[in-house]
Amino acid sequence: MAVSANRLELLQIADAVAREKVIDRSIVVAAMEEAIAKAARSRYGAETDVHAEIHARTGELRLSRHLLVVDQVENDAIEISLAEARRRNPAAQVGDAISETLPPFDFGRIAAQSAKQVIVQKVREAERERQYDEYKDRIGEIINGLVKRVEYGNVIVDLSGRGEGIVRRDELIPRETFRPGDRIRSYLFDVRSEVRGPQIFLSRTHPQFMAKLFASEVPEIYDGIVEVRAVARDPGSRAKIAVISNDSSIDPVGACVGMRGSRVQAVVGELQGEKIDIIPWSYDRATFIVNALQPAEVVKVVLDEEAERIEVVVPDDQLSLAIGRRGQNVRLASQLTGWDIDILTEAEESERRQKEFVERTELFMAALDVDEVVGQLLASEGFRNVEEIAGSDPSEVAGIQGFDEETGAEIQRRAQEHLDRIEAEHDARRKELGVADELREIDGITTPMLVAFGENDVKTIEDLAGCATDDLVGYTEGRGPEAVRTAGFLDAFGLSRAEAEAMIMTARLRAGWIEALPEPELEAAEGQPS
């Protein structure tokens with residue numbers, strides 16, 4: 001390999017490599033310059049600061065070495081004295097670099113091989129960087145490609161010669177198979193820059209893959225008239241998609257279904273026959289959850305917004321439809337809405353209501369020393385516990401059918417006496433457990449809570465400051481039928497996580513673990529997990 005070869009030859013090589021690898025020619029030229037400089041150092045010495053420059057238009061190669069201007073030369077391969085430098089350039093100063101042209105020469109076999117390796121490495125790095133830059137901004141798009149090979153169930157996809165993507169086995173729809181040369185559509189959900197090059201991760205099971213397929217089939221979604229608000233999938237089996245229209249004259253469900261189901265069938269065909277329920281999205285949570293449970297009919301819903309749980313009552317003959325095969329329907333509805341859903345039949349709900357009525361009646365009979373009829377009247381009026389009776393407006397109790405003002409006042413007096421008696425018993429238990437009075441001063445903590453604290457070895461401000469929110473109130477792992485509830489020792493008191501966090505934060509402030517914050521910052525801090 002001779003440096004003195006045809007000047008245009010280097011540019012022709014650079015152009016060919018740039019076209020093949022789809023990278024900028026200047027990157028290839030810079031790699032060739034570095035490779036030639038490295039090869040030249042094998043002739044002039046490894047320490048020599050050799051530079052190679054290829055003219056961008058003519059292809060002319062210029063080799064030079066740079067010498068550092070110093071007062072006293074210690075290594076003449078890389079340094080030049082100030083006096084000698086000023087003979088070449090009168091303006092030279094210590095610390096400057098003097099360029100010295102080197103003559104052309106022939107590479108040896110080893111030097112040429114080394115230069116080739118440098119070029120290959122630099123071009124490969126540029127190609128990887130180009131691939132990463134090209135695809136990192138395309139996350140969230142559907143990518144078309146050809147199956148290049150299948151390795152251990154993972155599908156390697158050729159992205160039109162501009163890189164390779166991978167559809168891992170768990171990102172493929174169950175039971176679908178691909179062979180080399182097959183066309184494949186998939187969703188680009190992640191691009192990572194790794195040592196071995198950019199990793200382009202594709203998926204056919206991602207919920208957004210289905211959303212993007214609908215966008216490509218439904219012009220109203222592409223134009224923004226119809227929005228896809230939520231998607232839940234059991235890949236290869238069933239899916240639910242919630243849509244809403246920004247134009248009252250357009251039915252979002254009908255737009256997605258298309259004439260004679262043509263649009264939805266195109267998506268179903270791509271997803272290997274996956275059945276799709278198209279759900280109208282609603283701002284009203286209860287309505288949305290009822291829609292999400294289609295095709296089952298819902299009689300009644302009860303929302304628990306704090307716990308983000310909903311209780312749904314369905315006719316007895318609709319239970320299996322609402323739950324679905326292996327819990328599929330309720331699981332997808334839960335994923336779609338973000339709420340945990342409990343399903344009861346009308347018979348089960350009636351039985352539970354009757355059981356609660358009997359329990360409340362017995363509670364009032366024992367606590368207020370009244371007969372069964374009075375207990376039933378209080379329970380049927382909607383009172384759930386003695387605290388509600390004691391704290392209610394006197395006219396509310398007196399207004400119960402069959403009661404008068406005197407009866408109502410007597411009922412409330414007995415309710416208050418019962419609460420005072422329970423309070424005294426709890427306070428005695430608190431003292432027996434050794435729980436400090438200072439804990440009572442924290443907002444929201446009641447005497448029964450102090451007993452629960454003592455039974456769980458939380459007896460001082462410092463003990464409470466050392467607690468985590470999960471110690472006080474439990475949390476739920478997972479969703480739907482597979483959810484697992486982890487208990488906290490204050491769960492019985494119906495505390496929210498925010499209230500528990502506020503108690504712990506107050507304890508930490510009073511224990512001196514943290515400094516007092518200005519009011520707005522304190523409110524923000526109390527909203528953070530402890």
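Author: Let us begin with two terms: helices (H or I, at least four residues) and strands (E, at least two) are DSSP runs, numbered from the N terminus, and the expected span of a helix is 1.5 Å times one less than its number of residues. The structure above is a predicted model, in which local features need a pLDDT of at least 70 and side-chain atom pairs count only at pLDDT 80 or more, whereas totals for chains, interfaces and linings use all residues. Residues are numbered from 1 along each chain as its sequence is written, and side-chain values use heavy atoms, with hydrogens and water left out.

Reader: How many helices and strands does the protein have, and what percentage of the residues is buried?

Author: The protein has 21 helices and 17 strands. A residue is called buried under 20% relative accessible area, exposed over 50% and partly exposed in between (1.4 Å probe, protein chains only). By that rule, 41% of the 530 residues are buried. A contact means heavy atoms within 4.5 Å; of the contacts between residues at least 6 apart in sequence, 54% join residues at least 24 apart.

Reader: Where is confidence lowest, and where is it highest?

Author: The pLDDT is the predictor's confidence in each residue, from 0 to 100. The protein averages 81, and 83% of its residues score at least 70. Confidence is lowest in helix 21 (residues 519-526), with a mean of 50, and highest in strand 11 (residues 238-245), at 94. Over residues 1-7 the pLDDT is below 50, and this stretch has twelve contacts in the model beyond near neighbours in sequence.

Reader: How many residues does helix 16 have, and what does it reach from its first C-alpha to its last?

Author: Helix 16 (residues 405-433) has 29 residues and reaches 42 Å, close to the expected 42 Å. At its start, a side-chain oxygen of D404 comes to within 3.2 Å of the backbone nitrogen of E406. Just after the helix, G434 has a positive phi of about 80°.

Reader: Which residues of helix 16 are buried, and which helices do they pack against?

Author: The general idea is that an α-helix has 3.6 residues a turn, so residues three or four places apart point the same way. In helix 16 the buried residues include G408, I411, Q412, A415 and L419. The buried residues of this helix pack against helix 12 (346-368), helix 13 (372-380), helix 14 (386-391), helix 15 (394-398) and helix 17 (447-455).

Reader: What does helix 20 reach from its first C-alpha to its last?

Author: Helix 20 (residues 497-510) has 14 residues and reaches 20 Å, close to the 20 Å expected. Among its buried residues are A500, E501, I504 and R508. After helix 20 comes G512, with a positive phi near 80°.

Reader: How many aromatic pairs does the structure hold?

Author: A pair of aromatic rings is described by the distance of the centres and the angle of the planes. Rings of Phe, Tyr and Trp (its six-membered ring) pair if their centres lie within 6.5 Å; planes under 30 degrees apart count as stacked, over 60 as edge-to-face and the rest as tilted. The structure holds four aromatic pairs. W281 and Y283 form an edge-to-face pair, at 4.8 Å centre to centre and 85° between the planes. W281 and F288 form a tilted pair, at 5.8 Å and 50°.

Reader: Are Y283 and F288 buried or exposed?

Author: Y283 counts as exposed because its relative accessibility is 64%, whereas F288 counts as buried because its value is 7%.

Reader: Which charged end sits over the ring of W281?

Author: A charge sits over a ring if NZ of Lys or CZ of Arg is within 6 Å of the ring centre and within 35 degrees of the ring normal. Here the charged end of R229 sits over the ring of W281, 4.5 Å from its centre.

Reader: Which backbone oxygen atoms does the side chain of R233 approach?

Author: A polar contact is a pair of N or O atoms within 3.5 Å; within protein, one must be able to donate a hydrogen and the other to accept it, and residues adjacent in sequence count only if both atoms are side-chain atoms. R233 lies in strand 10 (residues 226-234) and is buried because its relative accessible area is 8%. A polar atom of its side chain lies 3.1 Å from the backbone oxygen of R204, and the side chain of R233 reaches the backbone oxygen of H206 at 3.0 Å.
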